[in-house]
Amino acid sequence: MTELGFLKKENLVEFLKELATKSVVYVPVADDDVVAFKLFQENSTICLDRPANIPPKTVIFPQYETLLTFTFSKKEEQPDKIDVKIQEKMDFKDTVIFAARPCDAKGFTVYDRVYKDSDIPDPYYVGRREKTVIIGFSCPNVSPGCFCTAVGSTPSDKEGSDILMTEVSGGFVLEPVTEKGKAVIQSKFIEDGSKYLEEAQKKQEDVKNKVKNPFKKAGKPQISQEKFNDDSFWELALSKCLSCGACTFLCPTCYCFNITDENKIWEAERLRSWDACMFPHFTLEASGHNPRPTKFHRFKNRVGHKFLYYPEKYNGVLACCGCGRCIRYCPVSVDISKVVDELSDTNSENKTLTSNGGEA
Amino acid sequence: MKNPYLPELATITKIIEETPNIKSFQVVFNDHEKMKTFKFEPGQVGQLSVFGVGESTFVINSPPTRMEYLQFSVMKVGEVTTALHELHEGDQIGVRAPLGNWFPYEEMKGKNILFIGGGIGLAPLRTLILFMLDNRKDYEDITIIYGARTPPDLCYKDDLKEWESRPDVNLILTVDNEYPGWDKRTGFVPTVLNEVAPKPDNTIAITCGPPIMIKFVLQNLVKLNFKDDQIITTLEKRMKCGIGICGRCNIGSKYVCKDGPVFSLAQLKDLPPDL
Amino acid sequence: MSVDKLKDAVKQILNEVDIVIGYTEGFDKVHATPLFINTQDKVDQLIWDQRCVHNLASYLPSLKRKKVGVIVKGCDSRTIVQYIQEGLINRENVKIIGLPCSGVISLKKLLKAVDFANIDDITFEDNGNVNVKTEKETKTLSLMDIAPDKCKTCQYPTPLIYDILIGDPIKSDKPKESVYEDIIEFDKKSLEEKLAYWQKVFDRCIRCYACRNACPMCVCQDSCIAESREPHWISQRATLTEKFMFHLIHTVHLAGRCVECGECERACPMGIPVNTLKRKINLEMKELFDYVPGVNPDDKPPMYTFNVDELKIKEHKIG
């Protein structure tokens, strides 16, 4: 699929307007200096020059959603008993995410393995995912704390995007990655972009070379099991952590959730809402027992999940895209890349470790 | 695509007060066809819904060999369990089941079976005990060591009476301390296990109970020369999705709701110690 | 003040305490990060400059069982005073190293001032100039232009409580009346305008609770109304109603307790000016009870006491 398209800068809004006639379109909007993906409007202050504070996972995996609704009614023949009617809430619209950074687009592929390509797929996620076209946007520059090249990606990684867009002088080169993406650029605003290919590639290469690698050792980080299991390491590395959920909620790959019922009198709903492994409630059992009672246990699990457990299940793929948000927005600058670097196995060659330290 | 979050409507047909804070609920699906075709294995769990309050996970403690109803036992500790305790026979609940793995009962055939339970931890063992009693010839000696805080805290009193009377079951009961009218053993389960000192030869030990009991039972079994693959436990964790996604019941890369709740000690030793 | 004096003091104190909490270099040139020093060899990692924004006193209640040394600025010292008023720390277990401070940077303001460019280097001059080198340019900014609002009206540049003071005390040159000027100004807006404003900013809230967890005075810890199911105060929906409810309860819980360190606002990854609410209610408390939190260790917070007669609340007078 190499039919490159080109979108003139001055046609950007018109192109989005055209998309918005067929789909719900989300664009990165700057409001009071905070960038987040919001519904496209003609006067949206689209911000492309820095990554959104919060990734567009909000579009496919919203902060909360209703899974089921329950309606109660009295049984006619037995008025002391209640009948329950259960309804599934599944109404997914054609959607476009415009200008997702490659790390954010790749984040969805981390979700996909768990939510979509599993033996028990999640119909809510799959429903939205399949109806969503992701227009990725090659990073025009690097951001503080980002380290995608150190975790097997690049600022112009196509994985997860249906189209990859790269800014060149005068506009954007659009490279379709999937059939879904190809269909989207069938637009009167898209011209042939082949003559801009070279410029786009050069730009991609320039930005890629600017990404810092926080790891001393080359290649994907390999965590030493011995260090990982040393509690004193975590206690010192994490003393400053506040145990809030900023790192997880801003992470394009963090996918943990809560399910709660919210009750009105004759109806109730079952909600799914974001939850964070950094919260003590997350694992707290009704008996009062908590298998991960301190922030050290919880952060250990967070790092373990991204760099050991997930790779163990999914062919060595890390559940971290290196977007850097958890570092950038942590109120006390806990730096996961530094923690992983300190944990890394300086003796071993590059091999995939299982969570018990054996070779996968 | 099947919606794994969609519960099946079911009706509570009977409620048994097991102890002052544990009730057993016998439920049948409203859809009779579903009840007839429902399949599960001993050790698998289900999510029970009190609509408008929430879901909680319980083991199906009736055996698959007795399919008139599914039984769940509920200790009143939190929001959902309290709401369950307030329900009456004839009330509607939701059931998502079966979830998780099960006891490797095929591999246990021809072996001596040692059950070690504490408190409500007898629930997952009960399903396997009844299953084995219904297939009694497949298994050699069956020994059950079961304890609770006080005699009223012992669950499944009718079952205990029956097992006690059976010549092909060796039931050893204990309570933590002396109690008026109690003439059997006293002492904690791990200590009683040491006193009974079962032989590990051709034996599989299966244990469930409070985390602290499990911890010492595992230690004592190892001391009694049981090998890691001869020891099986079934774990409990806070769960939500029940399908290995939501992230709270994991121990390392394993999700108790999906990859568990049944683990051998050999498997557990490969995982981080987040019990 | 040279950082060497600070390091010497910390080395001394480390003989008496389990941990000293200070600052060290963060992940890039503009970030400092809290440093927990438990051995002498870590002392050399200490830094002290205008990047040292965090309120390190916030860690004290969670370390109540340990002997802890802590480095505090004037504003941070109010947290310790308030902890003493509320009995949240054992004073004898805490060694306070006070540092007079004439202002720190606000990361959010700094980034805006350089148009969100990547900052390669930053240096601070004694005259209040800040030199920032970005990919595109080198710029000199005035510290007060990129300082958090609290610095612009700071009444307590020198810690109010300390065991060791490093550096010469600084006297505030900011008028007392200036402290709540912005709040009074904001309050002049119409109700509709204010509602629209808060709706807009709270719409961004992601309920990550960074504001709560960064707040030194949030004492409910793991029993916060935001997550509690028993009792069930707030649903897990993320509509404005829930967000308002959480933030307003947070605010009310801090009435006459908020030491205005601004950590809630600094911690917010979504740029919500949450401290404004707390300062508004502090202003009310000041007017009603003539009470300023975190100033005098012997004070009692007004919401911790009950008087039938409150001098300033006329309508409550009996008879």
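**Two domains, then two chains**

Modeller: Domain 1 and domain 2 of chain C bury about 710 Å² between them, and carbon and sulfur atoms give 73% of that area. Buried area here is the accessible area (1.4 Å probe) that two parts lose on being put together, summed over both. On the side of domain 1 of chain C, C:Lys29, C:Val30 and C:Gln50 supply 72% of the area buried against domain 2 of chain C, more than any other three residues.

Some ground rules. This is a predicted model, in which local features need pLDDT of at least 70 and side-chain atom pairs count only at pLDDT 80 or more, while totals for chains, interfaces and linings use all residues. Residues are numbered from 1 along each chain as its sequence is written, chains are lettered from A and ligands numbered from 1 in the order in which they are written, and side-chain values use heavy atoms, leaving out hydrogens and water.

Now the layout. Chain C splits into domain 1 (1–101 + 155–172), domain 2 (105–147) and domain 3 (175–319); such bounds come from an automatic or database domain assignment. Taken over C-alpha atoms, the centres of domain 1 and domain 2 of chain C are 25 Å apart. Their contact takes 7 residues from domain 1 of chain C and 9 residues from domain 2 of chain C. Contact means heavy atoms within 4.5 Å.

Now chains B and A. Here the contact takes 45 residues from chain B and 49 residues from chain A. The buried area is about 3900 Å², with 56% from carbon and sulfur atoms. B:Tyr5, B:Ile245 and B:Arg248 supply 16% of what chain B buries against chain A, more than any other three residues. The rule finds 5 salt bridges across this interface. B:Arg248 forms a salt bridge with A:Asp275; their closest N and O atoms are 2.6 Å apart. Polar contact joins 24 residue pairs between chain B and chain A (both at pLDDT 80 or more).

Notes:
Salt bridge = Lys/Arg side-chain N within 4 Å of Asp/Glu carboxyl O. Polar contact = N/O pair within 3.5 Å; in protein donor to acceptor, adjacent residues only side chain to side chain.
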